[in-house]
Amino acid sequence: MSEGKVKSRRRLRVCLAVVIGVFGVFGIRLFQIQGLDASAYAAMAVEAGTAKSTVPAPRGAILDRNGVELASSVDGLTLTADPKMTAAVAPQIARILRQKLGSRIDYFDMIDKLRTPDSRFVYLVRDVPAWTANKALKAISDAKLTGVFSEKETLRTYPGGKLAANLLGYINGAGKGVAGVEQKYDKTLTGTDGSSTYEVSPTGQRIPMADSTVTEMVPGGSVKTTIDRDLQWYADQRLADAVRESSSDFGLAITMDTKTCQIVQMSQAPTFDADTGTGMVDSNTVSRGVQNVYEPGSTMKTITMAALADQGKVASDTPIVVPSGMTIDKFPIGDYWEHGTLHLTAAGVIAKSSNLGTIVAAQQMSNQTMYDYFRRFGFGQMSGVNLPGESDGILKNGKDWTKANHATISFGQGISVTAMQMVRAVGAIANAGKMCEPSVVSSAGGADGEKAEIPSKPGKRVVSKDAAATVTRMMEAVTAPDGTAPAASIKGYRVAGKTGTAWRVDPATGRYIRGQNTVSFMGFAPADNPRFLTYIVLDKPYSNAGGGSTAAPVFHDIMSMALERFGVAPSGAKNPKVDQTW
Amino acid sequence: MSGQIASAAASFQRMAANPGLLPETAKSAGMRLVRPVRSRARKAPFVVVILTVLSIGLVGLIVMSTILQAQSFEAEALNRRAAVLDTQQQALAREVDQLQSPANVARRAIQFGMVPNTNPAFLRLADGKVLGKPEAAKPGSSNIRSVTP
């Protein structure tokens, strides 16, 4: 073999070794990338070339009975900043934000945030409506300032402000309903966020015709309530005025359509404004209509009389001898006015609101019978209105009643109720003896909230039609000129009602507090063909306020407005003359 | 005959081993040079077609991607504009909501000296009968004198 041939063969071998070596390295690397860390590398590659964005789904609206929005969602922005970029120009930016966003911005607090040391990200202000936030961002960029950014979100607004706030409820920072309809129908109202992923160039420009995946967002469904916005506003306003004038702790006003048991208005004062976030304290945000229990007082006499009338034990002209006073179980009981022995009819007992007369009449039934009737009227059980946090109220079992219990429960003391329970129970008298469960939502789902009807349960008979008519006649005597609440009468209409002035229980000691009352008025109209029932409660008004003088005028105004708005014309029938004495 | 063939084969072998001998031995073997076979198809049109197709494709691709790119900018600008208009619509809708809210209407009405009526009465169009007892709402008799914001 020649020397040249040996040389070239060696060269070939070296080259081969080098090539094998190089390809070996490639192979190992390939195995590492494809075999060992495949998913991590694939993810990195996708990460580098794609952009993902979430499309927040707006929360469904809450509508009134005519489809007017009571709560809705709009685009909102959260403003953020990079303090490294903004520290030097903090005062200028803070001034612009204060100018454009107003009182929600604290100038000095903003400067502190914009100068946060060792940070590249701070939240400046959350939940700003997009149109306001955009103005601020534009002003900042016009002033050639940089470092302020924004994040998209959806924002809950309540166009009516305080309107029906306790019924609607509100949502927390995470967008979840935490009270009222917002909580109860959270699932319906919440939508599903969408997302879109697409390929982008290194400069962030979307690559046309490249792969992209889009998950459509599903907006939340709406909820249609039974509330009438204009009536609700009027009642809110009227009640707030009454609470202020009587310096009450709180007030409640509920109006129900007695034919359908739909609540058309439910007001509470004082209340809160979830739109601006004012007054958000527990005593305002609690929905007292369903969560607050109290002793109702004399309005309960209507239920006692209905129970007696159903058993045929009382009619409106039944003569009752009312003593001047009574002592039961060492517990002295009197009427709110001093009197000797009176000869009142049953209607007179209701019209004059005599505790003693009611006790005398109620003694015709046993503990168990009376307890059974009260249970039938729904006391001690939730009203079925389907709002969160509802209370059962307190009705002691009939077996454990003392004589004093029997006596006081007949006129509404020693029993605790919610306003909604009272509305449901007296609603049965207005609805000819049939009781149904009150409702605040008529349908839910879909853009207009009409996808699925919320079925109302059929009413069940609690007392006979005649018994209901008897009690209605007695209650009409209350609004007569010689009754306890002539202020509740509405010209041209027949109005049935009942006042209540109950002693207040101190929640700490469980004892009555002298001079502190819960005054109320419960009534329905037109008495000859009831359509609406309105219940007014004022808690702890000035000391000589009474149901007839303080609550009845509020009832008159709200009821008049309801009759007018719903076009309920009077039948023209005269008020029946019922004898109050014999 | 077979001897001739054998000698031609032998001369061909020789010729292969030594090309310099070709002309004489080939001639002697009865062989002659022929013109190389030329394809009848001409190359130029084919190349032109291919180049044209390629360049049309390339230009088309460039044009299309440029158009798409331009359109993607336009789409983005339009999207931005839609978003701006959307927020503007929301702002205006909100203003309308506020203006037609019962509180605002009531406030304006009270400013004009209007009084809410609390004596409902109806006129039945069929026979012109008045239902209820109509009464003029007097200033001061109303229970809503101002609107609490």
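**Figure 1. Chain B and its confidence in the predicted model.** Chain B has a mean pLDDT of 80, and 79% of its residues reach 70 or more; pLDDT is the predictor's confidence in each residue, from 0 to 100. This is a predicted model, in which local features need pLDDT of at least 70 and side-chain atom pairs count only at pLDDT 80 or more, whereas totals for chains, interfaces and linings use all residues. Residues are numbered from 1 along each chain as its sequence is written, and chains are lettered from A and ligands numbered from 1 in the order in which they are written. Four helices and two strands make up the elements of chain B, and their order from the N terminus is α-α-α-α-β-β. Helices (H or I, at least four residues) and strands (E, at least two) are DSSP runs, numbered from the N terminus. Among these elements, helix α3 (residues 43-99) of chain B has the highest mean pLDDT (90) and helix α1 (residues 2-17) of chain B the lowest (56). Of the 149 residues of chain B, 4% count as buried; a residue is buried if 20 or more other C-beta atoms lie within 10 Å of its own, exposed if 12 or fewer, and partly exposed in between, with C-beta atoms placed from the backbone.

**Figure 2. The side of chain B that touches chain A.** In this complex, for which the predictor gives an ipTM of 0.74 and a pTM of 0.81, 27 residues of chain B are in contact with 29 residues of chain A. Contact requires that the C-beta atoms of two residues, placed from the backbone, lie within 7 Å. The largest share of this side of chain B, 11 residues, comes from α3(B).

**Figure 3. An open sheet of five strands in chain A.** The strand order is β10-β9-β21-β20-β19, with antiparallel pairing; two strands pair if DSSP finds at least two bridges between them. The edge strands β10 (262-269) and β19 (496-505) of chain A each pair on one side only. Strand β9 (residues 250-257) of chain A is joined to β10(A) over seven bridges in the antiparallel sense. Within β10(A), Gln268(A) is the bridge partner of Leu252(A).

**Figure 4. Helix α20 (residues 547-565) of chain A.** Because 17 of its 19 residues are buried, α20(A) is largely enclosed by the rest of the structure. The end C-alpha atoms of α20(A) are 25 Å apart, which agrees with the 27 Å that its 19 residues should span at 1.5 Å a residue; the expected span is 1.5 Å times one less than the number of residues. Gly567(A), with a positive phi near 65°, follows α20(A).
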